[in-house]
Amino acid sequence: MANIVIFGAPGVGKGTQAKLLAEKYDLLHISTGDLLRQEVQMQTPVGQRAQAIINRGDLVGDDIVVPLLDRALRLRSTHPDPDSQIDPWDRQIHGAPHRPEGCIIDGFPRTVPQAQTLEFLFRRMKRRIDLVLAIEVSRNELVRRIHERAAISGRTDDTEEVIRHRLDLYDRQTQPVLNYYRVSGLLVSVDGSGEIPDTNTLLCRVIDSKRKKQTLNKQ
Ligand code: ADP
């Protein structure tokens with residue numbers, strides 16, 4: 001099993017968990033938030049368009065985020081010569097010579113149309129999403145964690161008002177994505193209220209059991 005989507009509200013700790021899982025299972029970690037922040041930091045045309053939107057806590061348009069994701073996904077293509085599909089600029093940004101087989105996607109999809117787009121991108125690569133992991137934490141705990149993170153992250157979108165807006169957007173636009181994946185049978189929810197290693201243990205348990213089932217099915 002190779003391709004995982006990690007899902008949860010802002011502040012739930014999905015970036016931290018995604019990194020741990022990527023390391024343990026040798027997956028390429030693709031965070032659309034990180035990709036966007038990288039563009040902003042480099043002051044690329046895309047970054048310049050995205051900056052104000054991110055600072056307000058709004059979702060950037062699909063015309064901005066989808067090409068970034070598409071490019072990152074193509075980096076782990078199983079094409080015999082993956083380098084041939086990648087321009088030098090891509091290589092410079094993402095450039096690790098090692099290309100893991102699978103990936104863990106964090107921050108995408110955030111809307112139902114984005115979920116449909118993701119399916120399309122995977123189908124085009126003749127691949128599929130194997131598992132959607134949702135991390136669940138109460139609203140109070142989320143706000144507490146984002147405030148804690150704000151003190152060290154230096155993120156321009158971690159202010160009181162913007163945090164509230166991001167959480168509202170999550171409820172309105174992103175929550176429905178959970179139903180989308182529930183219906184497709186890919187969704188497994190995990191309690192994220194514990195410490196980082198506790199949540200990690202729960203997530204690993206889900207992945208291991210899914211892998212075992214897949215191996216049994218193949219036999
Ligand atoms: P968090 O999970 O804490 O909200 P992220 O790093 O995932 O943080 O995202 C930060 C910001 O980047 C979002 O508030 C949004 O403006 C933008 N962003 C990230 N992913 C997407 C996406 N899939 N669609 C639209 N905007 C996105």
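Trainee: What stands opposite A134 in β5?
Mentor: In β5, the residue opposite A134 is S189. This is a predicted model, where local features need pLDDT of at least 70 and side-chain atom pairs count only at pLDDT 80 or more, while totals for chains, interfaces and linings use all residues. Residues are numbered from 1 along each chain as its sequence is written, and side-chain values use heavy atoms, with hydrogens and water left out.

Trainee: What makes β4 and β5 count as paired?
Mentor: Strands pair if DSSP finds at least two bridges between them. Five bridges join β4 (131–136) to β5 (187–191), so the pair qualifies. The two strands run parallel.

Trainee: Which residue is the partner of F7 in β4?
Mentor: F7 has A134 as its bridge partner.

Trainee: How many bridges join β1 to β4, and how do they run?
Mentor: Four bridges join them, and the strands run parallel. Four bridges meet the rule, so β1 and β4 also pair.

Trainee: Why is β4 called largely enclosed?
Mentor: Because five of its six residues are buried, β4 is largely enclosed by the rest of the structure. Buried means under 20% relative accessible area, exposed over 50%, and partly exposed in between (1.4 Å probe, protein chains only).

Trainee: Is D130 buried or exposed?
Mentor: D130 has a relative accessible area of 6%, so D130 is buried. D130 sits in the loop between α6 (112–124) and β4; helices are DSSP runs of H or I with at least four residues, strands runs of E with at least two, numbered from the N terminus.

Trainee: What makes the D130 and R128 side chains a polar contact?
Mentor: Their separation is 3.4 Å. The rule asks for N or O atoms within 3.5 Å, one able to donate a hydrogen and the other to accept it within protein; residues adjacent in sequence count only if both atoms are side-chain atoms.

Trainee: How many disulfides are there?
Mentor: Zero, by the rule of cysteine sulfur atoms within 2.5 Å.

Trainee: Are C103 and C204 buried or exposed?
Mentor: C103 has 0% relative accessibility, so C103 counts as buried. C204, at 6%, counts as buried too.
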